[in-house]
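Subject: Structure handover

Hi,

Here is the structure for your files. Please open it alongside this note, which goes through what turned up.

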Amino acid sequence: MTHTIRKNSWLLVLTIGLGILLNPLNSSMISIALTRMQHEFGLTFADASWLISVFYLASAAAQPVMGKLSDMFGPKRLFLSGLIVVAIVSILAPFSPNYPFLLGCRALQAIGTSTLFPSGMSIVRTSITKGQAKALATLSIFSSTSAAFGPSIGGFLIEAWDWPSIFFVNFPFIVLSFIMAIFILPNTSQGKVELGRIDFGGIILFIITMVGLILFLLSLEKSIHWWALLIFIIASFLFYKYENNRSEPFIDFDSLKRNRTVSLIYLQFISINLVYYCYFFGFPIFLQQVHHYSEKQSGLIMLALAGFGVIIAPLTGRLIDKYKSKLPLVIGAVFLLVGTALSLSLHENSSLLWLLVIMGVLGISNGFNNISMQTALFEHIKPNETGTASGLFQTSRYIGSILSSSLLGIVFTAHLDVQHLHKVAIVCLIFCALVLVLALRLPGKLRLNKPSQ
């Protein structure tokens, strides 16, 4: 059996990769579809921004739950179940009779796709012993590439077959991954069913806290919902108290207090994602509604933002090998700050070339920041804390993404023009400065010479 797994390990990785790319792909394709969905359902941008927020909120809640369910029921069974959920949603969503139904489909889509990553990782860790690091790196390529090129794929699809096509496109991946999973994924043993290990209470309080915050932020443009702020404050307090009494909490506040450096790494990652996703979701809207580019054209232009991140990633890996995480993080923070500052130079008559330059600078920052942040986290935790720390790392990504959609919802809800884009950039500049400060204060030296062996 071991010989067979080693011989066919690349097929196993391909099977899992086809599944795990569904979450980042569906989280990013929506950026091009938002304008069309606004018109279809008669939404303000603040309303449409929930299509982003609900996906990340459901993903944040589902990932840790699915990781534990994978251990209890067996990763192969859960992997197949996740694909079935995504298939059902991909059938229902294009025929949504109203916006709340579509919103529910997005939440279910996030839950289904969130099943695939933890179960797939579990299978790789138990089935591939030789070349495991290479297998995990390959899976990360599936994830990062699908996220990066999601807007471009979405642009071509929507131009040809309208917004429902971003759901139908899932089927080739679902069907192929499902068939391959049946025959290729090993039937690993399942553990004891202990639902008490899952912090359902903490997850519910986390969701209430985030929803309260989102509702309050989205109300800042018009009449402020103070009741939403009150819900956020009360739920935050209850969440903190509840988690401190759990043996396996959703968020381990005690560990965050013990390791201040790691806590600041999470804060840095939240800020990076807040800034980056403001552009990742904001630029397609800006291109379509201000410059009147088609979905296909907008998707192609977005390659400048996504493509540079993919191109620069190998260089980042080499820098990390030589100098560890601090130097590439400082470089990434500088590029993020410069790109955001340059976006303030955009005006109604700015050339497409100048916009591409700005997007390229921001894309380069993402190429430096993504891998470096993950490395910085692992540099400052103990090996036995890897699972919990990685879960919080993903939660930090989701929180940053949720806050970015809320910021866009506040600024873009009434009218979208260059001045509104500048307002977003000014807020992002504050967070860019925070990212740079946190990168500079990270323990370690900015070693510009090759370290001695």
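Start with Met37. Setting aside neighbours within four places in sequence, Met37 is in contact with Ile30, Leu43, Leu51, Leu102, Trp163, Ile166 and Phe167. Bear in mind that this is a predicted model.

Met37 also belongs to the largest nonpolar core, which has 140 residues. Ile16, Met37, Phe206 and Phe283 have the most contacts inside that core. Which helix gives the most to this core? Helix H14, residues 260-289, with 18 residues. There is a second, separate core of six residues. Among them are Ile312, Leu327, Ile364 and Phe368.

Next, a helix pair: H5 (residues 50-73) and H11 (residues 200-218). Their axes come within 11 Å and cross at roughly 165°. An angle over 145 degrees counts as roughly antiparallel, so H5 and H11 are roughly antiparallel to each other. The crossing of H5 past H11 is right-handed.

Here is who meets whom.
- From H5: Trp50, Ser53, Leu57, Ala60, Ala61 and Val65.
- From H11: Ile203, Phe206, Ile207, Met210, Val211, Ile214, Leu215 and Leu218.

What classes of residue make up this contact? It has 13 nonpolar residues, one polar and no charged. Phe206 turns up here on the H11 side, and Phe206 is also among the residues with the most contacts inside the largest core.

Now helix H3, residues 22-41. Thr35 lies in it. Is Thr35 buried or exposed? The cut-off for buried is under 20% relative accessible area. Thr35 has 6%, so Thr35 is buried. Not counting residues up to four places away in sequence, Thr35 touches Ile285, Gln288 and Gln289.

H3 also packs against helix H10, residues 170-184. The angle is about 175°, and the axes are 11 Å apart. H3 is therefore roughly antiparallel to H10. On the H3 side, the contact is made by Leu22, Leu25 and Asn26. On the H10 side, Asn170, Phe173 and Ile174 make it. By class, that is four nonpolar residues, two polar and no charged.

To recap the two helix pairs: H5 and H11 are roughly antiparallel, and H3 is roughly antiparallel to H10. The contact of H5 with H11 has no charged residues, and the contact of H3 with H10 has none either.

Best wishes

Note on methods: Residues are numbered from 1 along each chain as its sequence is written. This is a predicted model: local features need pLDDT of at least 70, side-chain atom pairs count only at pLDDT 80 or more; totals for chains, interfaces and linings use all residues. Side-chain values use heavy atoms; hydrogens and water are left out. A nonpolar core is a set of buried Ala, Val, Leu, Ile, Met, Phe, Trp, Tyr and Cys residues joined through side-chain atoms within 4.5 Å. Buried means under 20% relative accessible area, exposed over 50%, partly exposed in between (1.4 Å probe, protein chains only). Helices (H or I, at least four residues) and strands (E, at least two) are DSSP runs, numbered from the N terminus. Contact means heavy atoms within 4.5 Å. Axes are lines fitted to C-alpha atoms, for helices over the stretch in contact, and angles run from 0 to 180 degrees between N-to-C directions. Angles under 35 degrees count as roughly parallel, over 145 as roughly antiparallel, 65 to 115 as roughly perpendicular and the rest as oblique. A crossing is left-handed if the near helix is turned anticlockwise from the far one by less than a right angle, and right-handed if clockwise. Ala, Val, Leu, Ile, Met, Phe, Trp, Tyr, Cys and Pro count as nonpolar, Asp, Glu, Lys and Arg as charged, and the others, Gly among them, as polar.
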